[in-house]
Amino acid sequence: MIFNYIKAFVFAAAIVAILTPIAIKIAPKIGAMDIPKDARRMHSKPIPRFGGLGIYLGMTIAILVCVPRIEGILSQRQVLGFLAGGAMIVILGIVDDLKGLPAKVKLIGQIICSAVPCFFSVRFFGITNIFTGGIIVFPAWFSIIITIIWIVGITNTINLIDGLDGLAAGVSCISCIAVAYTAYLAGRPETAQLVLCIAGAAFGFLIFNFNPAKIFMGDAGSMLLGYSLATMSLIGVSSTKGTVLFVSFIPIIILALPIFDTAFAIIRRVANHKPIMAADKGHLHHRIMALGFSQRRAVIALYCITAIMGIAGILWTMRMRLEGLILAVIGATLIGVFLGINPEEEKENDEDLK
């Protein structure tokens, strides 16, 4: 049984590791290059930005080859919906990487892509009533709206943290492994194998994306990983207490780092009267680097926080609630401390010391 999980991860990683060098060679020929144009960029020379397609092909081939015949509540229809929406979001991302889409156009595209799985029975069916322990079943229209908001939200959280070499790929890989294990504990082994295909694809790309990066995943890759994490938490869901609790609570713990970072970015931009989709240097990784961390150390620090939250989610699933809560509080505290750092103040302090 364990071999099947390892096979899914390794096979996806191998496919992406084979395809990524090809993408590196193709990128300059089609203009898929990230050219440093402003102070937010952490690199000084043009780097290929065409990793998303390889990640998608790697996870798709691994799913088709490694995941056994899908039965029960985890239907082939749901997987088809996931892959169809994933293909659409990769195409959207590639167009954005090559041409640069306006923020509103990209958001509309994300909404359309996120709606696709809903019509293949991939959606929130309800939520656990914390007072009675029963299930509050959503009407179909409300279920679709909540699902689209969830998928679009998580898609953008991963997209927004893709600011350092290896950050989005590593955080996605760690989160996927945690989600896979919690899915296994929740009695959803097929979902666990599917998520491990995504984890393997992210790891295969990370080989080339860790600092110093040879290639970037671009919006095609970061949006795909966010979309995949959000959608996979809904694959195999039915209106039962275990699955509803899994999709409504556990992934939020595991993905706390990108969720908090994105929420803080929105609040910060609204408070400063700036467009929500406007780029800035106030993200968590920028604040950590303001302390003097190198790219590698900043990324590893964020990996550790992601791992802490992932373990917290696993412990909660295992009904080790106190231990899970303690770890979640530690992880949230670290996130809060780093978010409290003002990059501009740190820069001024450094200049004063000089």
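The structure is a predicted model, in which local features need pLDDT of at least 70 and side-chain atom pairs count only at pLDDT 80 or more, while totals for chains, interfaces and linings use all residues. Residues are numbered from 1 along each chain as its sequence is written, and side-chain values use heavy atoms, with hydrogens and water left out.

The chain contains 15 helices and four strands, assigned as DSSP runs (helices: H or I, at least four residues; strands: E, at least two) and numbered from the N terminus. Of its 354 residues, 52% are buried, a class defined by a relative accessible area under 20%, with exposed over 50% and partly exposed in between (1.4 Å probe, protein chains only). Contacts were defined by heavy atoms within 4.5 Å. Where the contacting residues are at least 6 apart in sequence, 75% of the contacts join residues at least 24 apart.

Eight aromatic pairs were found in the whole structure. Rings of Phe, Tyr and Trp (its six-membered ring) pair if their centres lie within 6.5 Å, and planes under 30 degrees apart count as stacked, over 60 as edge-to-face and the rest as tilted. The pair Y5 and Y184 is edge-to-face, because the ring centres are 5.8 Å apart and the planes stand at 80°. Y5 belongs to helix α1 (residues 2-30) and Y184 to helix α6 (residues 167-185), so this pair ties together parts that are 179 residues apart in sequence. Y5 is buried at a relative accessible area of 11%, whereas Y184 is partly exposed at 40%. The rings of Y181 and Y184 are stacked, with centres 6.4 Å apart and planes at 20°. Y181 is partly exposed, its relative accessible area being 37%. Through these ring pairs, Y5, Y181 and Y184 form a cluster.

A polar contact was also examined. N159, located in helix α5 (residues 140-160), counts as buried because its relative accessibility is 13%. The side chains of N159 and S222 are joined by a polar contact of 2.7 Å, that is, a pair of N or O atoms within 3.5 Å; within protein, one must be able to donate a hydrogen and the other to accept it, and residues adjacent in sequence count only if both atoms are side-chain atoms. Leaving aside residues up to four places away in sequence, N159 touches K106, D219, S222 and M223.
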